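Please open the model in your viewer and keep the selection tool at hand.

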Amino acid sequence: MMSYLQVKGLQMFYEKMGAGETVLFLHSGYSRGILAFASQMLDFQKKYTCYFPDFRGHGRTRCGSLEWSTPQIANDVIEFMNQMDISTAHLIGYSLGANVGLYLAVNHSDRVATLTTIGTSGFCDPTGVEKFEPEWLIENEEQDTINQMTERHMEAHRGNWQEHMRQAAQDWRLYPQLSEEQLGSIKCPALFITGEHDPFVGEKKIKHLSSFVTRSSYLVVPGGSHRPHMLRENPTLVNETILKLLETYPIT
């Protein structure tokens with residue numbers, strides 16, 4: 001099922017499939033709902049009700065303003081849960097969505113049954129952001145990326161792909177802004193995942209993040225990149241590890 005939900009000033013697009021306890025999939029920057037989790041859909045919908053919302057500023061979600069940020073998206077997700085009568089959910093976030101998940105676990109702990117993050121160190125690190133700014137893309141004739149961003153987010157940015165990329169770069173430079181104490185306040189069971197060769201995370205950073213969260217474990221996917229859960233990497237290992245977490249800590 002696909003639909004729109006009025007959330008504050010948004011027409012938030014989401015897709016829903018499956019039955020059982022609720023799992024919210026929180027997509028990465030430059031992406032949208034099911035696109036970021038194509039290799040998870042079939043495995044998870046067998047046992048869970050899966051929601052794949054498109055964030056503010058992304059995909060098919062519509063808003064009068066083109067501005068967005070990680071904390072703002074976290075607030076949107078809570079409002080989405082309120083309107084859908086979802087009291088508690090398992091969260092699975094990738095990259096930007098992983099940071100959104102951290103904000104939710106810190107600020108709305110009663111709404112988060114378990115938290116799984118893929119591709120975040122938990123700390124702000126703007127390494128590499130310059131190659132995603134519109135000026136760099138134009139100068140280096142990255143037309144394939146420009147075309148992809150124009151098409152993928154047409155409803156959200158109404159054709160202004162440059163503003164979308166500027167917002168994404170700004171968010172990358174600023175967030176997450178969570179202290180070690182805030183990360184240490186996360187009470188839910190958590191699983192932190194990184195690819196072995198993720199240029200933004202990796203084993204050292206994921207161990208550091210896990211050290212602050214009492215009920216956490218981590219997975220370093222052998223040979224994995226920034227997207228170890230995707231096709232052509234190791235979605236089987238990633239899915240089995242997350243499903244085990246969800247089965248161990250059901251929503252009560």
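A pocket, for this tour, is an open set of points on a 1 Å grid over the protein atoms alone, with protein on both sides within 12 Å along at least five of seven lines; its lining residues have an atom within 4 Å of a point. The model is a predicted one, in which local features need pLDDT of at least 70 and side-chain atom pairs count only at pLDDT 80 or more, while totals for chains, interfaces and linings use all residues. Residues are numbered from 1 along each chain as its sequence is written, and side-chain values use heavy atoms, with hydrogens and water left out.

**The largest pocket**

Select Gly29, Tyr30, Ser95, Phe132 and His226, which lie nearest the centre of the largest pocket among its 37 lining residues. Helix H1 (33–36), helix H4 (96–107), helix H6 (143–152) and helix H8 each give two or more residues to this lining. Helices (H or I, at least four residues) and strands (E, at least two) are DSSP runs, numbered from the N terminus. The space in the pocket is about 950 Å³, a volume being the space filled by probe spheres set on the points, with grid points joined across faces, edges and corners.

Stay on Tyr30, in the loop between S3 and H1. Its phi is positive, about 70°, although Tyr30 is not a glycine. Most residues other than glycine have a negative phi. Tyr30 is buried at 14% relative accessibility; buried means under 20% relative accessible area, exposed over 50%, and partly exposed in between (1.4 Å probe, protein chains only).

Asp85 sits in the loop between helix H3 (70–83) and strand S6 (89–94) and is exposed, with a relative accessible area of 72%.

**Aromatic pairs**

Rings of Phe, Tyr and Trp (its six-membered ring) pair if their centres lie within 6.5 Å; planes under 30 degrees apart count as stacked, over 60 as edge-to-face and the rest as tilted. The count comes to twelve aromatic pairs. Select Phe25 and Phe44, an edge-to-face pair at 5.5 Å centre to centre with 90° between the planes. Phe25 lies in strand S3 (residues 21–26) and Phe44 in helix H2 (residues 41–45), so the pair ties together parts 19 residues apart in sequence. Phe25 is buried at 0%, and Phe44 is buried at 0%.

Next, select Trp172 and Phe200, an edge-to-face pair at 5.6 Å centre to centre and 80° between the planes. Trp172 is in helix H8 (residues 161–174), and Phe200 is in the loop between strand S8 (190–195) and helix H10 (202–210), 28 residues apart. Trp172 is buried at 17%, whereas Phe200 is partly exposed at 25%.

Val129 is buried at 1% relative accessibility.

Then select Tyr175 and Pro176, joined by a cis peptide bond with omega about 5°. Pro176 is in the loop between H8 and helix H9 (180–184).

**Cysteines**

Finally, select Cys50 and Cys188. Zero disulfides are found in the whole structure, a disulfide being a pair of cysteine sulfur atoms within 2.5 Å. The sulfur of Cys50 is 18 Å from the closest cysteine sulfur, in Cys188, too far for a bond.

Notes
1 Å grid on protein atoms, 1.4 Å probe; cavity = no way out; pocket = protein on both sides within 12 Å on 5 of 7 lines; lining within 4 Å.
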